[in-house]
Amino acid sequence: QKFDNSKFTKIDYTQVTSIAINNKAKVITPHPEYSYSLDKDSQGKATNLRITIPEKFWSASKYLIVET
């Protein structure tokens, strides 16, 4: 699938293990659910996507698409 790269933020995916997200964010790309977790604040709102198994997380796609 082709993406417009100008719409994405480039990161070093070998170094990034946490990505700030909006509390209503939904992961669209097919990353294995067991390879990441969502940090939540005291009110239960998601604040970060924490990549717990990077090699598995990024094996599905080199892109991360989050719908807010």
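1. A pocket, as the word is used here, is an open set of grid points with protein on both sides within 12 Å along at least five of seven lines, and its lining residues have an atom within 4 Å of a point. The model under review is a predicted one. Its largest pocket is lined by 20 residues. Phe8, Thr9, Lys10, Ile11 and Leu64 are the lining residues that lie nearest the pocket centre. The volume of this largest pocket is about 540 Å³. Strand E1 supplies the largest share of the lining, namely three residues.

2. Aromatic pairs. The search of the whole structure returns four of them. One is Phe8 with Tyr63, an edge-to-face arrangement with 4.7 Å centre to centre and 65° between the planes. This pair links distant parts of the chain, 55 residues apart. Phe8 belongs to the segment before strand E1 (18-20), while Tyr63 sits in the loop between helix H1 (54-57) and strand E5 (66-67). Phe8 counts as partly exposed because its relative accessibility is 27%, and Tyr63 is also partly exposed, with a relative accessible area of 24%. Phe8 is one of the residues nearest the centre of the largest pocket.

3. Another of the pairs is Tyr36 with Phe57, again edge-to-face, with 5.7 Å centre to centre and 80° between the planes. Here too distant parts of the chain are linked: Tyr36 is in strand E3 and Phe57 in helix H1, 21 residues apart. Tyr36 is buried, at a relative accessible area of 16%; the cut-off for that label is under 20%. Phe57 is buried as well, with 0% relative accessibility. Tyr36 and Phe57 belong to one aromatic cluster together with Tyr13 and Trp58.

4. Ile51. This residue is placed in strand E4 and is buried, its relative accessible area being 4%. Leaving aside neighbours within four places in sequence, Ile51 is in contact with Val16, Thr17, Ile19, Ser35, Tyr36, Phe57 and Trp58. Tyr36, Phe57 and Trp58 in that list are members of the aromatic cluster.

5. Because Arg50 lies in strand E4 (residues 46-51) and Asp39 in strand E3 (residues 36-40), the pair ties together parts that are eleven residues apart in sequence. Arg50 has 34% relative accessibility and so counts as partly exposed. By contrast, Ile51 in strand E4 is buried.

6. Thr29. The loop between strand E2 (26-27) and E3 holds this residue. Thr29 counts as buried, since its relative accessibility is 9%. The Thr29 side chain reaches the backbone nitrogen of Ile65 at 3.2 Å. With neighbours within four places in sequence left aside, the contacts of Thr29 are Ser61, Tyr63, Leu64 and Ile65. Two of these residues have come up already: Tyr63 pairs with Phe8, and Leu64 is among the residues nearest the centre of the largest pocket.

Terms used:
Residues numbered from 1 in each chain as written. Predicted model: local features only at pLDDT ≥ 70, side-chain atom pairs only at ≥ 80, totals over all residues. Heavy atoms only, no water. Helix = DSSP H or I, 4+ residues; strand = E, 2+ residues; numbered from the N terminus. Buried < 20%, exposed > 50% of the residue type's maximum accessible area, 1.4 Å probe, protein only. Phe/Tyr/Trp six-rings, centres within 6.5 Å; stacked < 30°, edge-to-face > 60°. Polar contact = N/O pair within 3.5 Å; in protein donor to acceptor, adjacent residues only side chain to side chain. Contact = heavy atoms within 4.5 Å. 1 Å grid on protein atoms, 1.4 Å probe; cavity = no way out; pocket = protein on both sides within 12 Å on 5 of 7 lines; lining within 4 Å. Points joined across faces, edges and corners; volume = space filled by probe spheres on them.
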